[in-house]
Amino acid sequence: MRSPLGRVRGLGSAKEGVESWWLERVTAVALVPLTLWFAAWFISLSHSDYTTFIAWLKAPLAALLMVLLLIALFVHLALGLQQVIEDYVHSGAKIPALIAARFACLSLGIAGILATLRIVFRN
Amino acid sequence: MIIRSSEQLPRTTLLKRFPLPRNFGVSRESRIECGRTWPAPAGATRVKTFEIYRYDPDSGSHPRLESFEVDLDDCGPMVLDVLIWIKNKIDSTLTFRRSCREGVCGSCAMNIDGTNWLACTRFVSQTRERPTIYPLNNMRIIKDLVPDLTHAFAQYSLVEPWLKTKTPEPEKERLQSIAERRKLDGSWECILCFCCTSGCPSHWWNADRFLGPAVLLQAWRWLADSRDEASGARLDDLEDPFRLYRCHTILNCTRTCPKGLNPGKAIVEIKKMMIERRS
Amino acid sequence: MPQRSARPLSPHLQIYRPQLTSVLSFAHRVTGISLGIFAVALVAYLLAAAAGPQPYALAQALARSWLGHVVLLGGIFCYFLHLCGGIRHLFWDTGRGLELRAIYASGWTVVIASTVLTVSTWVVSSMVAR
C-alpha cells in the first residue's frame, strides 16, 4: 500500500556504481591486446609438444602476459557476471548467486596464476 | 540496411518477434487469448485486418487479441484514424488515449507492428499485411490500449525535473549563452510518451528500480542546464547500480523515439559526467 | 461486480520486434558468458600443463578431436563477436558514434568483421598446423 513515489524512491541511491563501471572498461581495454596476443600465441603453439609449450611459457614476457591476461580476464568476467545476475535474478537466490560467481572467478583466476607460476618456476 | 532516422522502417523483416511461445513466462492474469473477429461493414472496398490487444477489467476475463476488418477508404491515413474509425463504426468499447493527433502530446503511444510509436504519426500504408497493435510494453493495463503510467511518472518526479539554485533570483532572467542553450537541444523536446522506456529490455527486467531512458534523458536535461546549480546532488542520486547503471547501451530507445531524440547518447553523457567528477 | 484481479502486464519480449540494436546487445551478452566458460577451459588447460606431460597430452588430444575443433570454432566466433562488440561499446563510452546512422553502420561492421576474422583465423591456424 506504498505510494508510487515511496516505491520509486525505495531505499535511496546507493551512491556507488561508477567504480565497477570504470573497472569493467579498464579491464576491457587491457583485454583487447592481451587476448589478441593469447590467440596468436595459442594458435602458433597448439600443435607443438609438451616441452616446446613449457619453454614458451617459461619465457618471462609470455609468463607476465599470461598472468596479466588471467587477472584482467577474471576481473572482467566477475563484473560481467554480476551485471547478468543483477539483471535477471530477483528472488532470494540473488545474493548467493552473486557471492558464488565472485568466489568462482577468484578461485579460477588464482588457480590459473598458480599453474602458470608452477610451470615458470619448476626446474 | 542502415537506418538513418527513427521514423525509417526496415525494408525487410527477418523475424517479426523473438521465436518464443506466445505466452512465454507470462503470469496467469497477463496471458493473451484468441479473441473474436469483427467483420467489415457491408460495401467495404479496401479492407485490411488489424489485430488489436483487448482487455476488459469489468468482464473478469483474460486479455484477448481481436481482429478488426477495416475499410481503409472510409477512414483517415493514420493508425489513430483506424482506431477512431473502429470505435465509431464497429466497437465503441475500444479504449485508447489520444489528444493532439499531430505527434506532440504523446498520448497515443503504443506498440505497432512490434515497435513503439505514436499512432497519430504512423501511416497505415507503412504497416504490415496484418498489423498488430499492442499497448506499450511491460506496463499494467487499465483497459484495452491504455497503460498505467503512474510508476513511470513517479520515476520522473524522482529526478526532480526543475531548476535548483542557491543563487538568489536575479532582477531579470538567469543568463545563458546561445552555446549553453544549444546543449539542451535534443532533450527538452521530449513529450514523455514513454515509447523508449517501454521498449528498453533492461527496463523490462528491472522496471521497479531502473529509471529508464525517458527519465534519464530528462535527468540529463537538468544536468546539462548551465543555470542549474545542483548537478552534484543530481549525480549523487543517480549513481546507483540500478537507477542509472542498468543501462547497457542496448539503444532500443534511440531506435524507437517518435520525436527522433537520442536518450542513449544522453545516458552516455551522464556516465561520462560520473567519471569526470572523480578524475 | 466481480472481484478485481491484478491488472495484466502488457507483453514485451513476446511481441517486440528484434532489431539490430537489441539482437547485437543480446549476442554480446551470450558470447560474454560463453567466453567465461572458455576461460574455465583455459585454466583447466594451464592446470593440465602444470601437472605434467600426460595430463597435457590428454588436454591437447581433447582440443584436437573433431568435437574440440567444432567447439574451438564456436569459441573463436564468440571471441571475435565479443571483441568487436566490446570495441564498439568502448567507442560509445567516449560519446562517439551514437547517432542512429553510426549505430547501424558500426553494428553491421561488427557482424561482418567477426565473421571475416573467424574464417581467416581458422584458415591461418589450419595452415600453421601443417
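Angles between axes under 35 degrees count as roughly parallel, those over 145 as roughly antiparallel, those from 65 to 115 as roughly perpendicular, and the rest as oblique. The structure is a predicted model, in which local features need pLDDT of at least 70 and side-chain atom pairs count only at pLDDT 80 or more, while totals for chains, interfaces and linings use all residues. Residues are numbered from 1 along each chain as its sequence is written, and chains are lettered from A and ligands numbered from 1 in the order in which they are written.

Along the sequence, chain C reads α-α-α-α. Its radius of gyration, taken over C-alpha atoms, is 21 Å, well over the 14 Å that the globule rule (2.2 Å times the number of residues to the power 0.38) gives for 130 residues, so chain C is more spread out than a compact globule. The C-alpha trace of chain C spans about 75 × 45 × 25 Å along its principal axes. Of the 130 residues in chain C, 37% are buried (20 or more other C-beta atoms within 10 Å of a residue's own; 12 or fewer is exposed, and in between is partly exposed; C-beta atoms are placed from the backbone). Contacts are pairs of residues whose C-beta atoms, placed from the backbone, lie within 7 Å. Among those in chain C between residues at least 6 apart in sequence, 70% join residues at least 24 apart.

Helices α1 (residues 20-51) and α4 (residues 100-129) of chain C have axes that come within 10 Å and cross at roughly 40° (axes are lines fitted to C-alpha atoms over the stretch in contact, with angles from 0 to 180 degrees between N-to-C directions). α1(C) and α4(C) are therefore oblique to each other. The contact has five nonpolar, two polar and no charged residues (Ala, Val, Leu, Ile, Met, Phe, Trp, Tyr, Cys and Pro are nonpolar, Asp, Glu, Lys and Arg charged, and the others, Gly among them, polar).

The contact between chains C and A takes 25 residues from each of them. On the side of chain C, α1, α2 (53-64), α3 (66-93) and α4 each supply at least two residues. α1(C) gives the most, with 12 residues. This side has 19 nonpolar, four polar and two charged residues.

The contact between chains B and C takes 52 residues from chain B and 30 residues from chain C. On the side of chain B, the elements giving two or more residues are β6 (132-134), β7 (141-143), α5 (201-205), α8 (252-256) and α9 (263-276). α9(B) gives the most, with five residues. The side of chain B that touches chain C has 22 nonpolar, 18 polar and 12 charged residues.

Most residues other than glycine have a negative phi. B:T249, in the loop between α7 (231-238) and α8 of chain B, has a positive phi of about 55° although it is not a glycine. B:T249 is buried, with 21 other C-beta atoms within 10 Å. B:L251 is found in the loop between α7 and α8 of chain B, and its phi is near 75°, a positive value in a residue other than glycine. B:L251 counts as buried, with 29 C-beta neighbours inside 10 Å.

Note on methods
Contact = placed C-beta atoms within 7 Å. Helix = DSSP H or I, 4+ residues; strand = E, 2+ residues; numbered from the N terminus.
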